[in-house]
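Me: I would like to learn how to read a structure like this one, feature by feature. Could you take me through it slowly, giving the idea and then the case?

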Amino acid sequence: MWPSLRSGDLAGVEPLEGAARPGEVVLARFDHALVLHRVRRHDAGVLSLKGDNSPAEDPPLPSSRVLGRVRQVRRGGVVLEEG
């Protein structure tokens, strides 16, 4: 699944236009931190997110807490783009 982020990667995030879709990696604001996690489900304005290396899903999050989606990753001077 793209992108699988590694330590030292820089993620290019663009504003969210429309609803986040399952499989996308989004930047979300939790009470304690900003996180880049993958969308599992989006139902009635509530998202279910999960980190790729996390054993469990995050608590449900209102879609208003999603700040944007990852569109590119810079890894070691190389820009990786979706597709």
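Me: Which residues is Asp-58 in contact with, leaving aside its neighbours within four places in sequence?

Reply: This is a predicted model, and the way to read a contact is to look for heavy atoms within 4.5 Å. Apart from those sequence neighbours, Asp-58 is in contact with Phe-30, His-37, Leu-49 and Lys-50, and Asp-58 itself is found in the loop between β4 (46-50) and β5 (61-62). With one of these residues, His-37, the side chain of Asp-58 makes a polar contact of 2.5 Å.

Me: What is the nearest side chain of opposite charge to Asp-58, and how far away is it?

Reply: Side chains of opposite charge can pair when their charged atoms come close. Asp-58 is buried yet has no salt bridge, and the nearest side chain of opposite charge, that of Lys-50, is 8.8 Å away.

Me: Which salt bridges does Arg-71 form?

Reply: Arg-71 forms one with Glu-14, where the closest N and O atoms are 3.0 Å apart. Because Arg-71 lies in strand β6 (residues 66-75) and Glu-14 in strand β1 (residues 10-15), this pair ties together parts that are 57 residues apart in sequence. Arg-71 also forms a salt bridge with Glu-24, the closest N and O atoms here being 4.0 Å apart. That pair links distant parts of the chain as well, with Glu-24 in the loop between β1 and β2 and Arg-71 in strand β6, 47 residues apart.

Me: Are the residues of these two pairs buried or exposed, or something in between?

Reply: Relative accessibility is what to read here, with under 20% taken as buried. Arg-71, at 26%, counts as partly exposed, and Glu-14, at 33%, counts as partly exposed, whereas Glu-24, at 10%, counts as buried.

Me: Which residue does Asp-52 meet in a salt bridge?

Reply: The side chain of Asp-52 meets that of Arg-38, at 2.8 Å from N to O. This pair also links distant parts of the chain, since Asp-52 is in the loop between β4 and β5 and Arg-38 is in strand β3, 14 residues apart. Asp-52 has 41% relative accessibility and counts as partly exposed, while Arg-38 has 4% and counts as buried. Elsewhere, salt bridges that share partners join Glu-14, Arg-21, Glu-24, Arg-69 and Arg-71 into one network, and the count of salt bridges comes to 9.

Me: Where is Val-26 placed, and which residues does it touch?

Reply: Val-26 is in strand β2 (residues 25-29), and at 0% relative accessibility it counts as buried. Not counting residues up to four places away in sequence, Val-26 touches Ala-20, Val-35, Leu-36, His-37, Val-39, Leu-49, Val-66, Gly-68 and Arg-69.

Me: Which residues make up the largest nonpolar core?

Reply: A nonpolar core is read as buried residues joined through their side chains. The largest one has 10 residues in all, among them Val-26, Ala-28, Phe-30, Leu-47 and Leu-61, and β2, β3 (34-43) and β4 each supply at least two residues of this core.

Me: How many helices and strands does the protein have?

Reply: The secondary structure comes to 0 helices and 7 strands. The radius of gyration is 12 Å, close to the 12 Å that the globule rule gives for 83 residues, so the protein is as compact as a globular protein of that length. Of these 83 residues, 30% count as buried.

Notes. Residues are numbered from 1 along each chain as its sequence is written. This is a predicted model: local features need pLDDT of at least 70, side-chain atom pairs count only at pLDDT 80 or more; totals for chains, interfaces and linings use all residues. Side-chain values use heavy atoms; hydrogens and water are left out. Helices (H or I, at least four residues) and strands (E, at least two) are DSSP runs, numbered from the N terminus. Buried means under 20% relative accessible area, exposed over 50%, partly exposed in between (1.4 Å probe, protein chains only). Lys and Arg count as positive and Asp and Glu as negative; His and the chain ends are not counted. A polar contact is a pair of N or O atoms within 3.5 Å; within protein, one must be able to donate a hydrogen and the other to accept it, and residues adjacent in sequence count only if both atoms are side-chain atoms. A nonpolar core is a set of buried Ala, Val, Leu, Ile, Met, Phe, Trp, Tyr and Cys residues joined through side-chain atoms within 4.5 Å. The radius of gyration is taken over C-alpha atoms; the globule rule is 2.2 Å times the number of residues to the power 0.38.
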